[in-house]
Amino acid sequence: MLRRVVRQSKFRHVFGQAVRNDQIYDDIRVSRVTWDSSFCAVNPKFVAIIIDASGGGAFLVLPLQKTGRIDKTYPTVCGHMGPVLDIDWCPHNDLVIASGSEDCKVMVWQIPENGLEEPLSQPAVVLEGHSKRVGIVTWHPTARNVLLSAGCDNQVVIWNVGTGEALVRLDDMHPDVIFSACWSRSGSLICTACKDKTVRVIDPRKGKIIVEKEKAHEGARPMRAIFLADGSIFTTGFSRMSERQLALWRTDNMDEPINIQEMDSSNGILLPFYDPDTNIVYLCGKGDSSIRYFEITDESPYVHYLNTFSSKEPQRGMGYMPKRGLDVNKCEIARFYKLHERKCEPIIMTVPRKSDLFQDDLYPDTAGPDPAVEAEEWWAGKNGNPILISLKNGYVATKNRELKVSPNPSAPQKTPGPQAPQSTPIKGEDKLEEVLREFKSLRDRVILQDRRIAKLEEQIAKVAM
C-alpha cells in the first residue's frame, strides 16, 4: 500500500500555469448551445472557437499569435444555416477544418495560409447525408481525407472528403443518440458511446460490431469513450448515484473494467484528452474550474492519479494542442485552450527540469502531419500507424497542399472498386505533389541538421578554448 502512495513518476510534478493577460484571446462570444462538445479545436497554426452567431452558425479561426482583444467585425467561417456543434482540424493539413451543425450538414473548409481577411462562407466541400443535427466530426488519424461524422439520427457516416462521397453508413448499430466517437491509433476501428449506456467497438469497413459493453456506466448522463495507444478503452460517465466515474477496459474482455474510479458528484461532462506519447489522460469537466490528469501504466491499479490544475473560473469548453505545436525548449508536455464566457485562455503544462537540453524521455517521436495511407487504400483494407517525427530540433511546418475535391457521384457507397477509373486522370498530378512534398520534407530536415551541426561545432569550440 505504501508503494502505491509514493509511486515514482516523472509526471507527478507536472505544473500547470495560465498565460499572462496579454496572451489570451479576449472579447469572444463563445457558443451557448447545450451540446456537450469541446467548442474549440487547435493546431500549430490556428485556434478555432465556435461562437454565438445570429442567422446561422459560425466559428472563429485565429492565428495563434493573434492574442488580445478580438474585434467584433473579425471575419468568421459562416456557411452553416444552423448553430455549429463540433469542429476538428485535419491532422494532415493545418489549413483544413471540418464542422458539423444543426443544419444536418458536414462542411470542410480550406483556411488561407495567413488566416481569414474576410468572412468565409464557401466550404471546400459539403457532405450531406444526415437527417438530423450533426454533433460529432473527427478525422481519421492516419488516412488522408477520411472523416467520420455522427448525428442525432443515430448514424455514423465515414466520408472520403477527396471525392465528397460516403464510404460507409453505420445506421443500424445505435438505437439512440451517439455521445462520442473515436478512432483507434491506426484507424482500423472506432469506438462509440451511446445514450443506451453501451460502448461499442466497430470495424467500419466490415460494418460489424467487434465487441460491446452494456451499462459501461449506469448513470443516465452522457458518457465518453476513447481508444488508448495499446488498444484499450478509457471511458468517463456517471454512476447510478450520479457520481462521476472513469474506467479502463480491455477490449478482449469487457465484462468488467480493469479499473473503475468514482470522482465526485458534480454534474459536468468529463471530456477526456489523451497523449499517446506519455500515456497521460487529462480530464476537463464542463463547468469545472480544474483539469485532472492521470497516468495509464501496465501495473495495477493501471490508472494513477497525478495531480489537478485548478483555476478560479469554470470552463465552457476546451481545446487541446497536438504535440508538434508545443515548445520543447520549455519542457511543455501539454497546452489547453480554456474557453470562458467571453475569452479563450491558454494553459501550459510543463515538467520542471533544471537542464536546458532536449528531454528525450518527455518527447518520444510523435505523430507527424504526413498521412500513412490514402483514402482509397484505407477503404481497400490497408492500415497504417502514424508516421512519427522527432521534436528534437522543434517542429518545422511544411507547406500544406490545397484540398482538392473530385466529385464521383456515380460510384456506389459500399464498394470501392468503381472509384479507380475516376481517380486515374489525376494520378500523375497526385504523384508529382507527393514527390514535391517529400522533397520539401527532406530539405527541411537538411536545414535542421545543418543548424544542429553548427550548434555542435560551437560547443566543441567552447570546450577547446
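**Figure 1. Lys 382 and its salt-bridge partner Glu 377 in the predicted model**. Lys 382 is partly exposed, having a relative accessible area of 42%. Its partner in a salt bridge is Glu 377, and the closest N and O atoms of the pair lie 3.9 Å apart. This pair counts as a salt bridge because a side-chain nitrogen of Lys need only be within 4 Å of a carboxyl oxygen of Glu. Glu 377 is also partly exposed, with a relative accessible area of 33%.

**Figure 2. The salt bridge between Asp 361 and Arg 353**. The side chains of these two residues meet at 2.9 Å, N to O. Asp 361 is partly exposed, at a relative accessible area of 35%. Arg 353 is likewise partly exposed, at 29%.

**Figure 3. The salt bridge between Arg 20 and Asp 22**. An N to O distance of 3.3 Å joins the two side chains. Arg 20 is exposed, with a relative accessible area of 54%, whereas Asp 22 is partly exposed, with a value of 46%.

**Figure 4. A network of salt bridges**. Asp 27, Arg 69, Lys 72 and Arg 342 are linked to one another in this network. The structure as a whole holds 24 salt bridges.

**Figure 5. Asp 36 and its surroundings**. Asp 36 belongs to the loop that runs between β2 (25-26) and β3 (40-42). Asp 36 is partly exposed, with a relative accessible area of 23%. Leaving aside residues up to four places away in sequence, Asp 36 touches Pro 222, Arg 224, Ile 269, Leu 271 and Lys 286. Gly 268 is 232 residues from Asp 36 in sequence, and their C-alpha atoms are 9.4 Å apart in space.

How values were computed. Residues are numbered from 1 along each chain as its sequence is written. This is a predicted model: local features need pLDDT of at least 70, side-chain atom pairs count only at pLDDT 80 or more; totals for chains, interfaces and linings use all residues. Side-chain values use heavy atoms; hydrogens and water are left out. Helices (H or I, at least four residues) and strands (E, at least two) are DSSP runs, numbered from the N terminus. Buried means under 20% relative accessible area, exposed over 50%, partly exposed in between (1.4 Å probe, protein chains only). Contact means heavy atoms within 4.5 Å.
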